[in-house]
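Subject: Structure handover

Hello,

Here is the structure we discussed, for your own use. My notes follow below it.

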Amino acid sequence: MPWTNDNYPVSMRHLAPPVREKAIEIANALLAERMDEGMAIRVAIAKAKQWARGRGLLIREDDY
């Protein structure tokens, strides 16, 4: 079952909303390619943080 903004891994809860949305998007794509769930989550969070840094966005929700 794909993740959504209402249902996502606990490890993504600290991410700022735009970063979390990107992480969810990436994780779902990785799962569609049959990557292990745990690895998909870790890779998606790392890539979403990299994406956010490149755009000057805050990464953590408590940074707002």
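Predicted model: local features only at pLDDT ≥ 70, side-chain atom pairs only at ≥ 80, totals over all residues.

Proline 17 sits in helix H1. Its C-alpha atom is 9.5 Å from that of leucine 58, a residue 41 places away along the chain.

The helix pair

Helix H1 covers residues 17-32 and helix H2 covers residues 37-54; their axes come within 8 Å and cross at roughly 140°. That angle makes H1 oblique to H2, because only angles over 145 degrees count as roughly antiparallel. The crossing of the two helices is right-handed.

On the H1 side, the residues that meet H2 are Pro18, Val19, Lys22, Ala23, Ile26, Ala27, Leu30 and Leu31. Their counterparts in H2 include Ala44, Ile45, Ala48 and Trp51. By class, the residues of this contact divide into 14 nonpolar and four charged, with no polar ones.

Alanine 23

Alanine 23 also belongs to H1. It is buried, because its relative accessibility is 0% and the cut-off for buried is under 20%. Leaving aside neighbours within four places in sequence, alanine 23 is in contact with Met12, Leu15, Ala44, Ile45 and Ala48.

The core

The largest nonpolar core has 17 residues, and Met12, Leu15 and Val19 are those with the most contacts inside it. H1 and H2 each supply at least two residues of this core. For valine 19, the contacts beyond four places in sequence are Ala48, Lys49, Trp51, Ala52, Leu58 and Ile59.

Arginine 20

Arginine 20 is found in H1. This charged residue is buried, because its relative accessible area is 9%. Which residues does arginine 20 touch, not counting those up to four places away in sequence? They are Tyr8, Met12, Arg13, Leu15 and Glu61. Between the C-alpha atoms of arginine 20 and methionine 1, which are 19 residues apart along the chain, the separation is 17 Å.

Regards

Note on methods
Residues numbered from 1 in each chain as written. Heavy atoms only, no water. Axes fitted to C-alpha atoms, helices over the stretch in contact; angles between N-to-C directions. Helix = DSSP H or I, 4+ residues; strand = E, 2+ residues; numbered from the N terminus. Parallel < 35°, antiparallel > 145°, perpendicular 65-115°, else oblique. Left-handed = near helix turned anticlockwise from the far one by under 90°. Contact = heavy atoms within 4.5 Å. Buried < 20%, exposed > 50% of the residue type's maximum accessible area, 1.4 Å probe, protein only. Core = buried A, V, L, I, M, F, W, Y, C linked by side-chain atoms within 4.5 Å.
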